[in-house]
Amino acid sequence: MASYHIWSISNFGKKQPFKTSGYLQITRQMRATPLVVMGNVNRISIRAGTGFSDLQEVEVVELNEPNGWIAIPLKDAQEKCIRTFMLQLAVLGNHQSGRDTHLPIFQYSDLEEKICTPAQLRSKPDTAALVFGKYFTDHMLEVSWDSEKGWAKPVISPMHDLQLHPGAKVLHYAIELFEGMKAYRGEDGRLRLFRPDRNMARMLSTAKRSSLPTFDAGEMIKCIKRLIQVDKEWIPYSNTSSLYIRPTFIATDPSLGVASPNQALLYVLLCPVGPYFTSGFKPISLMADPQYVRSWPGGCGAMKMGANYAPTIYIQKQSELLGHQQVLWLYGADHQLTEVGTMNIFLFMLNKQGERELVTPPLDGLILPGVTRLSLLELAREWKEFRVVERTITMAEVLEAHEEKRVLEIFGAGTACVVCPVSSISYEGREYVIPRSESSLSQRFFKTMSDIHYGRMEHPWAVDIE
């Protein structure tokens, strides 16, 4: 059983228990309800958002008296997040997906390093020859987990093959998840990560949905930083290339049967990469076929699981055979736009009142809460030059705006490509050409993000590695 309780205190001073797990959902109607935590808890993360899929951490409360009643300032937390409909409390550091909380967690201070000998070092490819995901650095990070022993010590070691039993749960039930991050070598020589806290928050959310154990995000980021420092010469000396970071989490226990895993492995790979699309920052064409669906309500479309990607590969190949680069994923009888390939999608248009408007689908569980998506929305709101709207977009609306020449541009956004403009959409037997100006919003976003990545612009999203 969990070693703590979360309580609500009514206006009459009577405590009402909510639950004894690590997560508590609080609706908008309960925003004025004071909460307290009772039990052996050290830190509480307060997360806010419009729904489960886009919860973002707004505050971490340190509990100096873990065995007493500590008030959680929910109202203050909500005021920090626009359009908050839901809050979440998450116990940091000692929640193990409902398992015993006394089990150890891994810490950066326990990190062990096994460095390559000169004979084990790999030759580095030319920057001009870099393609996405083909080359790997000299070292990797691994942390194993056991339901009875908890987390082992993190280890950095030479890159090696994994040893898995043929009955490992990851091979049969796809209990697996991953993240995509990047490190950059700035024009000032400094090495930077981009918003690693957001990737770790999403990874923890996906781990919970996968019945995998959670971990301390801050300790994981420290371990990743150290891995990058060890292999820092693999970060390209280029302002068009970067070091791709792939944290991965798999269930490894050799046991058939659909059940929560008792053994797991968290590991991190590093890959020097060039542009995701070999054509560079050039518009791509899309195939939109409503008979294929990427995600659905109540599913895992908002989670970064490998199982979300495998079924899309065949459809991607079909689009390529028809001369397109990516798939525009639609959903529902009204053909709602969800994602483009593995990217979030944005539509820049004039609304019917003649106002410029940046529109992107909402985080309603169908789409991945992309870190780049979040960043572009925050930049646009900071600029205050046009309306920024998160809402459902249908193909009927896109075609109407296209017919009335109100579509200014359409583009995708994601970690791998950052920003990618769209040139055309093939839908129900017709090709729709998407306009694009000389000085487009997608280009502005791309330049601003690149300036942050490569240190040409100081920004809190860029986190120093060294």
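Tutor: Helices (H or I, at least four residues) and strands (E, at least two) are DSSP runs, numbered from the N terminus. This is a predicted model, where local features need pLDDT of at least 70 and side-chain atom pairs count only at pLDDT 80 or more, while totals for chains, interfaces and linings use all residues. Residues are numbered from 1 along each chain as its sequence is written, and side-chain values use heavy atoms, with hydrogens and water left out.

Student: Is L164 buried or exposed, or partly exposed?

Tutor: Buried means under 20% relative accessible area, exposed over 50%, and partly exposed in between (1.4 Å probe, protein chains only). L164 has a relative accessible area of 34%, so L164 is partly exposed.

Student: Which residue forms a salt bridge with R190?

Tutor: A salt bridge puts a side-chain nitrogen of Lys or Arg within 4 Å of a carboxyl oxygen of Asp or Glu. Here the closest N and O atoms are 2.8 Å apart, and the partner of R190 is D464.

Student: How many residues apart are R190 and D464?

Tutor: R190 is in the loop between strand 14 and strand 15, and D464 is in strand 27. The pair links distant parts of the chain, with a separation of 274 residues.

Student: Which residues do salt bridges that share partners join into one network?

Tutor: R190 and D464 both belong to that network.
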